[in-house]
Amino acid sequence: MSVGEQYITIALFVIVGAIFPVLTIFVASLLRKPRTPEPQKYLTYECSVLPFGPAWVQHNVEYYMYALLFVIFDVETVFLYPWAMTYRSFGLFATVEVIIFIAVLALGLAYAWKKGALEWMRGWR
Amino acid sequence: MAEEKPAKEEKVEEAQEVKHELLDTLKSKFGEKILEAKLRRPRRLQVRIKGEDLYPVAEFLKNSGFDHLSCISGVDYEDRIEAVYHIWSYPRGELMQINAELPRENPEIASLVPLYRAADWHEREAYDMVGIIFKGHPNLKRMLLPESFKGHPLRKDFKTEPMSWYSEGEAEMWETQVEVSPPEEGETETMVLNIGPQHPSTHGVCRLVTTLSGETVVKIEPVIGYLHRGVEKIAEKRTYPQFLPLTDRMDYISSITNNLAYVLAVEELLGVKVPERAEYLRVILSELQRIANHLMFIAAFGADLGAWTVMMYGFREREMVLDLMEQVSGQRLLYNFLRIGGLKEDVPEGWVENVRNFLRVLPERLADYKTYFYNNEIFIKRCEGVGVLEPELAIELGVTGPMLRASGVARDVRKDDPYSIYDRFDFEVVTEEAGDTLARFNVRFREIFESLNIIEQALNDLPEGEVRSPEVPKVIRPPKGEAYSRIESPKGELAYYIVSDGKSPNPYRVKIRSPAFCNLSAFPHYATGEIIPDMIVNFASVDIVMGEIDR
Amino acid sequence: MVSVENPLIMNIIRGLIGVVAVILFLSLNVLFLTWLERKVIARIHVRYGPNRAGPYGLLQPIADMIKLLTKEDIVPEKADKLVYNLAPMAAFLFALMPAAAVGIGSGLIAADIGVGVLYIAAVSSLSTLAILMAAWGSNNKYSLLGGMRTAAQSLSYEIPLVLSMIGIVAIVGSLSTQDIVAAQSQAWFGIIPKWFIFYQPLAFIVFFAAVVAEMGRIPFDLPESESELVAGFHTEYSGMKFAMFMFAEYIHFVVGSALVVTLFLGGWHLPIISPLVENLGWIKYIVQAGIFVAKMYVIIFTLMWVRGTLTRTKVDHVLSFGWKGLLPLALANVVITGVVLSI
């Protein structure tokens, strides 16, 4: 198979991977004894006490900082892959270029580090 | 050590004068208000006043050096209710008991929370059990019983028939309300998380209602009483020897120490002297229990950190101690081995050799633990600097035991207020300076070695003889009086306050001052401001056992 | 029409064979792993482990399967039904997808796409989504806390993971896993293999730590810090849906170990044996698969050993280790590789 046709396998993976759990859970539902519904079973678990207030509350901004940093560095990584593939044909130019690229991003990381964006729940006290 | 013993005796004799001096000062300052003041025995003072005069007397005592509020009990006599305060003075080394008389129809008394922060939970419990109303208490709710409970169980006129306490079939847990206040400007909402009774890392059924902002803990409120069995009420219907098995079930991890505290109090009331061999064996058994308890602490601590291996190893070492105890008493956990006046029976043949063997084997095994913990950077980083408890705050909150010693305060009941024959042994009080979780762990770890030391000394001096005092009568009816025995249980200061009315074979009132109760009351004060994993580790380092807290 | 359709159907059939083979391989390994993990951890803990169900407890996974199949499926009332029900399926799907590009022998690969390594990197970050779906859909504070933590951890370790592979890609010049393994087939003096662990030691350390974090194993056990948050993001799941999460976790384990072997430990090549079986036809495939699986199990055993030995790290330590420790190392590795290669 040519490389392009390999993607058919990937598509099959997605389809089978999506169907397989559905099938399994369906088979399991056939094997189970009939349901005995009781109201207490369907309560949310909070260590045997009723929970106070909803669970869907605001969450701290800390998580957002990590997500933001992740996006930035992920994009950087995506740019580094073509560099890695075509490295040989560029010689010294590629080396210098990658050093500059990474230096700029390392500077960004150092800035985030210094500003406390990498602290979990402590930097914002 | 040799200089200390005669000095102590002198101090006792001088103390007669010194204490009389304190009592005289009290009488001269307060005059008519002091109804009675006496020295029951060395290091036990007693003062009787009326309820309304409590606050000035307590303030005077606090300024005279009585800084550790040990226990507050409520006792219901026919014609009056008494609030009994036990306050220990670290500088002076003596205990003051204040009996404050209150009229039965209106038992109101001033709250001591402004003076002693440790009074908080004790007063709530006295309100819960006996119905004494403490004016000025910040949060006078029930402690051990649900909010909707009607009546005060430890009153003598409380009916103990089966009744339904819950309104219309709804269980109490649905009714506990917590106010969730809306967030202030610019702050994120807080979430109230219930780290509830059924959770793998609250040791036993303790419920912590935590208010979180993100993952930072803003407020913790422990809710206890899920294991409340009413032991103090049961005591009033059992004879003195019949109550002994119940004491095992308080701190079920180290049962002998509970037995010991109870038995010491009754022996003080009776005035019997325990034979020498029994005393030495009691010390050996108590120290074995201390080792077992600290090993269990290490195991549970490892489990909370996610180090399951340590948990298994800790239990394996604890099995060695449990084997020794099984040879002696036939039981692995709840021994019921001490008796009023000595022990149940003598130890079997060959037991002493087994203990010596154990003393030899354990330090080698513990060397493994040292590598596991102290070479593990993850462990050190998780525990260092977490949950720092300042020494002044610790004393103020009534913390005792390894928690207090980890904050640098070198106080140990075995040294300050020696009971049994502990003054004959040479051991040091293990302290650490930092006051954080790692320090608490270190203190308990090093205490194991001190206990091994004490056992070895006791084994070397073990005399022959009988193990039960012949003076103890068949039916135990101690003369009218009160006794307060304090011991150093592995978790802290364990004390029993027993009132005997001289006529009946049952105790009139038994009040148990459990160390874990007071240590837990201190927990919310220093554990806020951390994130959840830190709080879990903090909680593990308090080393609680719910049987003792809830009784 | 007939001659055009035939190749397509042939490709689909070949693709299906690949899919079924991969799922079978993974399932067998996962079943075996559940038994192996419990036994290994138990022996570290000085206890027996499962030894009742069958000889040496070997039928334990079957017993677990039967139990999970027949357990009642309790859906909490307040859960967001759609998200809640989709999450286990999504978890399984996203765990399965990276396995398409990992091969256990030369040609024994389901889909030898030209961008193998990049595909794996891209798809493995999707599993975070499944966890977040589970956490949010359960409407339970414990799940939500667990899910947010897991998401933060997964994101933080994704970057070092992906960056550490760049050095290898630069050396080999291709993104395909088959080419990467083929590049490790030589040996110095015929004995010491030219595996990338020797060429890129720093990348190996970073990748190993990051892959342990992606798998959610101790010491980076946040996703299911049992003693802190009961059961983390799968608190509210029972029965087969829970089984899907477990399945997905073990698939991650297997695929992660397979990746380590592929990228750094020479895949299916062994210095003396590989040249010997080169021309023996179908025996070659069996030997290669055997070598690959053996190496994979060395890594798996090491990770189980680590689990029995270390404690769980705290949230902020995990994240600071990822961003302040691994990421600078990974960046440095790229720079060093670039400089060294140009010499």
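Let's start with one pair of residues. In chain B, B:T210 has B:I220 of strand β10(B) as its bridge partner. Those two belong to a longer pairing. Strand β9, residues 207-213 of chain B, runs antiparallel to β10(B), and seven bridges link them. Keep in mind that this is a predicted model.

Now widen the view. β9(B) and β10(B) sit in an open sheet of three strands, ordered β8-β9-β10 in chain B, with antiparallel pairing. Which strands stand at the edges? They are β8 (191-195) and β10 (216-223) of chain B. Each has a single partner strand, so one side of each has no neighbour in the sheet. From one strand to the next, the twist averages 25°.

A helix packs on this sheet. It is α16 of chain B, residues 532-542, and it touches β8, β9 and β10 of chain B. Its direction makes about 155° with that of β9(B).

Next, another pair of strands. How many of the nine residues of strand β3 of chain B are buried? Nine of the nine. So β3(B), residues 68-76, is largely enclosed by the rest of the structure. Eight bridges join β3(B) to β4(B), residues 80-89, and the two run antiparallel. Look for B:H68, which stands opposite B:W88 in β4(B). The link between β3(B) and β4(B) is a hairpin of three residues.

On to a helix, α2 of chain B, residues 54-63. Its buried residues include B:L54, B:V57, B:A58, B:F60 and B:L61. Why do they lie on the same side of α2(B)? Because they cover an arc of only 160° around the axis. An α-helix has 3.6 residues a turn, so residues three or four places apart point the same way. After α2(B) comes B:G65, with a positive phi near 110°.

Now two helices together. Helix α8 (residues 308-329) and helix α9 (residues 351-374), both of chain B, have axes that come within 11 Å and cross at roughly 170°. That angle makes α8(B) roughly antiparallel to α9(B). On the α8(B) side, they include B:Y313, B:R316, B:M320 and B:L324. On the α9(B) side, among them are B:W351, B:F358, B:R365 and B:Y369.

Last, confidence. The model scores ipTM 0.83 and pTM 0.86. Chain C averages a pLDDT of 83, and 95% of its residues score at least 70.

Conventions. Residues are numbered from 1 along each chain as its sequence is written. Chains are lettered from A and ligands numbered from 1 in the order in which they are written. This is a predicted model: local features need pLDDT of at least 70, side-chain atom pairs count only at pLDDT 80 or more; totals for chains, interfaces and linings use all residues. Side-chain values use heavy atoms; hydrogens and water are left out. Buried means under 20% relative accessible area, exposed over 50%, partly exposed in between (1.4 Å probe, protein chains only). Helices (H or I, at least four residues) and strands (E, at least two) are DSSP runs, numbered from the N terminus. The arc is that of the directions from the helix axis to the C-beta atoms. pLDDT is the predictor's confidence in each residue, from 0 to 100. Two strands pair if DSSP finds at least two bridges between them. Axes are lines fitted to C-alpha atoms, for helices over the stretch in contact, and angles run from 0 to 180 degrees between N-to-C directions. Contact means heavy atoms within 4.5 Å. Angles under 35 degrees count as roughly parallel, over 145 as roughly antiparallel, 65 to 115 as roughly perpendicular and the rest as oblique.
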